[in-house]
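I opened the notebook to record what I looked up in this structure. The entries follow the order in which I went through the model.

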Amino acid sequence: MTTPIPSADTLESFHKELDEIRDDLMAKVGEEDARYIRRIVRVQRFLELGGRAVMVAGFYHWIWWLVGVVMLGCAKILDNMEIGHNVMHGQYDWMNDPHLNSRTFDWDNVCDGESWRRTHNYEHHTYTNIIGKDRDFGYDTLRLSDDVKWKAHYRWQPIRLIVLMLSFQWAVAYHELFGERIFVGKRRPEGKLPISHAELIKDFFSKIRRAVFRDYIFYPAIVGIFLGWPMFFAIAAGNLVANLIRNVWANIIIFCGHFTEEVHTFSEEDCENETRGQWYYRQILGSSNLEGSKLLHIMSGHLSRQVEHHLFPDMPSYRYGEAAERVRQVCAKHNIPYNTGTLWDQYKTVVARVFKYSRPPKKTGEMANA
Amino acid sequence: MSQAETSVQSVTPLERARQWVSQSLTQENQITAYLEPLIQVVLPGWTTDAVRSKVIQVRPETNDVYTLVIRPGKRWKGFKAGQHLQITAEQNGSLQTRFFSVSSAPAYFKKTGLIEMSIRVQEGGRVTPWLRDAFAAGGICNLSPAEGDFTLPEGNQPVLMIAGGSGITPFRSMLSQMAASGDKRDAHLMFYVRDASNALFQEEFEKIAAEHDNIRVTFMNSAEKGVFSAEHIKEICPDFAERKVMICGPTPMIQLVRQVVSGEGVSADNIMFEYFGAAPIELDRADAKDAYVSFEKGGVAAISSAENPVSLLELAEQNGLKPLAGCRVGVCHQCKCTKKSGVVLNTLTGQYSDTGREDIQLCVSVPVNDVVLDV
């Protein structure tokens, strides 16, 4: 099911109006955005250090352990989503702050920042929802459209979704290596990537070692030395749960961004010699938004504004709310669908999609689409 | 100003272990970098790498030159007369960094804890006019350690200092230091100024010269005497061949003075000079509008024709370099690199860059004038 493309005139005017939105908003970027992201970083630091400390008070009553775990989980969500994801897109590079720079930033996640920049910023954002090019479409494990040939093992994909959700940071970390068939399958010849396979493996394990050291050795040991070995396991378990909170939340938000019912896919032929207008069009049809409170937007790293993020990946996330109102109007004017809904409604359609494509395609349906 | 390359320092195993732990716990090389946002609640603008300092006063010198009087923070380690440093200040959310020479003496810093930097307002510049207004009532800035080797030579060798315009700043530092420390070497300053109203620090220099036999200062009014020439130097400082010649001023002036004094037989060893900004690319070109692009790490300089401009990424590739790149249309930011100097046009947004150091995307940048890249 690939998607028809509107007339060149429509796309041209569409392109111009979207560029206007970008220019208007980028001209406003300044102190306000800097203050915003710095405040978020401060809150993240407070939640992380506070969460780790409060968890220790679980020694007196288990409720503190729980409070600490939730705080740490939220800190990891903020770090990965509103700070990490957006900073690594270069949204805050203009601040010239070495700690908020896309080239040097790394996050509290087992996925190596460099690897993520390659697969996400380049593959996913350039080739969004082009089957065969955007490996984020289904993450190589899920079948989410009839463009992917059905095989018997896809029957089990609802279970795979749950496994993927719980281990999401590990899946993201392994994403690039899987694409290169580093450990399983037929190895790809080297040369396509800017770094060698050996370096890829080294970076992969180096990041994992550091993350494991932090959450499962260092902090548990520090506490364990003073409060006894049961606290070692309590802290390690707390960190594990905090990581799970982040994994599940990130997975839900990200799936709502690209795999809701109405999201379209594209073929490689459609996108050859694509114009900028066509590219914009594909980004809009390949993404979906979430409506909700300010807190939802912040905790989702503004991926609730996935459409705007895909149109303007390097615009500071702080501006996406403003952009959304205007993009929506421009879409309505050009008769281009704009996919949005509440988290609950959108996620229901994601789950429905996972179930739908776990079954083999119906022959008649194929004909109707063709 | 020549930008000193930071050399790769050898790291001890202990230091490496400390960095590894810090990286593991905070994804930053130093724990203080992670804590920065919290420390900034108490000390706005505090950073790990630079020294938080106070601007005490902005003192006008001439129409377009002003002096920042700064009290460096306690961690700042001092400087040698003639050295420069980077000053960083936040402008509309964005940290702006510029190199300036210290124009006051180390002795003055020792006595008062203050340093001065004298700055010319660059017309159309993003930072120099703004600094003057932003700090009119004082404020917080960050200073790097002092650096640079444009300092008085060791020993007692006599010097000839040739300054143009605001290129006087390192010499003001050197001469007032000599005066304060009783340095007996022979020093002669030839100071080229546009006209009498632009003779920076005139009273101060005349006072120093009057009080010290070994220091001579000659103001050269370009409106009357024209630009630097062999006749000037022969007339005003006939023993120039026995001196170390130190030059600081605008780029064309430095090039002219170097050419003339070399022609008069002064060996390259005895000529020292300091540019404002990155050193220019010294190559001949066919058309004045063509831009030269220097890829410093690759050791390649290439010409970008004005008629048929290509992106910096394509230019690098045409010249055998393979910078990291991804989407090639400005989306993925993988080809981002540091531009040390020069102006580029961003073809995606249609915006021109500033002249100073900043990050740019190679794939959507076209050089407008000579550009130096850290690639």
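**Entry: a helix crossing in chain A.** I looked up how H7(A) and H8(A) cross, and the crossing is right-handed. The model is a predicted one. I noted that the axes of H7(A) and helix H8 (residues 229–258) of chain A come within 7 Å, with a crossing angle of roughly 150°. Next I listed who meets whom. On the H7(A) side I found Asp215(A), Tyr216(A), Tyr219(A), Pro220(A), Ala221(A), Val223(A), Gly224(A) and Leu227(A). They meet Trp229(A), Met231(A), Phe232(A), Ile235(A), Ala236(A), Asn239(A) and Asn243(A) in H8(A).

**Entry: helix H4 of chain A.** I then turned to helix H4 (residues 113–126) of chain A, which has 14 residues. From its first C-alpha to its last, H4(A) reaches 18 Å, close to the 20 Å expected at 1.5 Å a residue.

**Entry: chain B as a whole.** I moved on to chain B and counted 10 helices and 19 strands. Its C-alpha atoms fill a box of roughly 65 × 55 × 45 Å along the principal axes. I compared the radius of gyration with that of a compact globule: with 375 residues the value would be near 21 Å, and chain B has 23 Å, which agrees. Of the 375 residues, 41% count as buried. I looked at contacts between residues at least 6 apart in the sequence of chain B, and 64% of these join residues at least 24 apart.

**Entry: a hairpin in chain B.** I picked out strand S3 (residues 84–91) of chain B, which runs antiparallel to S4(B) and is joined to it by 8 bridges. Leu85(B) stands opposite Phe100(B) in S4(B). The two strands, S3(B) and S4(B), form a hairpin with 2 residues between them. In the turn, Asn92(B) has a positive phi of about 45°. I found that 6 of the 8 residues of strand S4 (residues 94–101) of chain B are buried, so this strand is largely enclosed by the rest of the structure.

**Entry: a sheet in chain B.** Which order do the strands of the open sheet of 5 strands follow? I read it as S13-S12-S19-S14-S17 (chain B), with mixed pairing. Strand S13 (300–304) and strand S17 (358–361) of chain B are the edge strands, as each pairs on one side only. The twist averages 35° from one strand to the next. I checked one pair: strand S12 (residues 291–295) of chain B and S13(B) are antiparallel over 5 bridges. There, Val293(B) stands opposite Ala302(B) in S13(B).

**Entry: where the chains touch.** Last, I looked up the contacts between the chains: 25 residues of chain B are in contact with 35 residues of chain A. Helix H1 (13–26), helix H2 (31–42), S4 and S17 of chain B each give two or more residues to the side that touches chain A. The largest share, 5 residues, comes from H2(B).

Technical notes
Residues numbered from 1 in each chain as written. Chains lettered and ligands numbered in written order. Predicted model: local features only at pLDDT ≥ 70, side-chain atom pairs only at ≥ 80, totals over all residues. Helix = DSSP H or I, 4+ residues; strand = E, 2+ residues; numbered from the N terminus. Rg over C-alpha atoms; globule rule 2.2 N^0.38 Å. Buried ≥ 20, exposed ≤ 12 C-beta atoms within 10 Å, placed from the backbone. Contact = placed C-beta atoms within 7 Å. Pairing = 2+ DSSP bridges. Expected span 1.5 Å × (residues − 1). Axes fitted to C-alpha atoms, helices over the stretch in contact; angles between N-to-C directions. Left-handed = near helix turned anticlockwise from the far one by under 90°.
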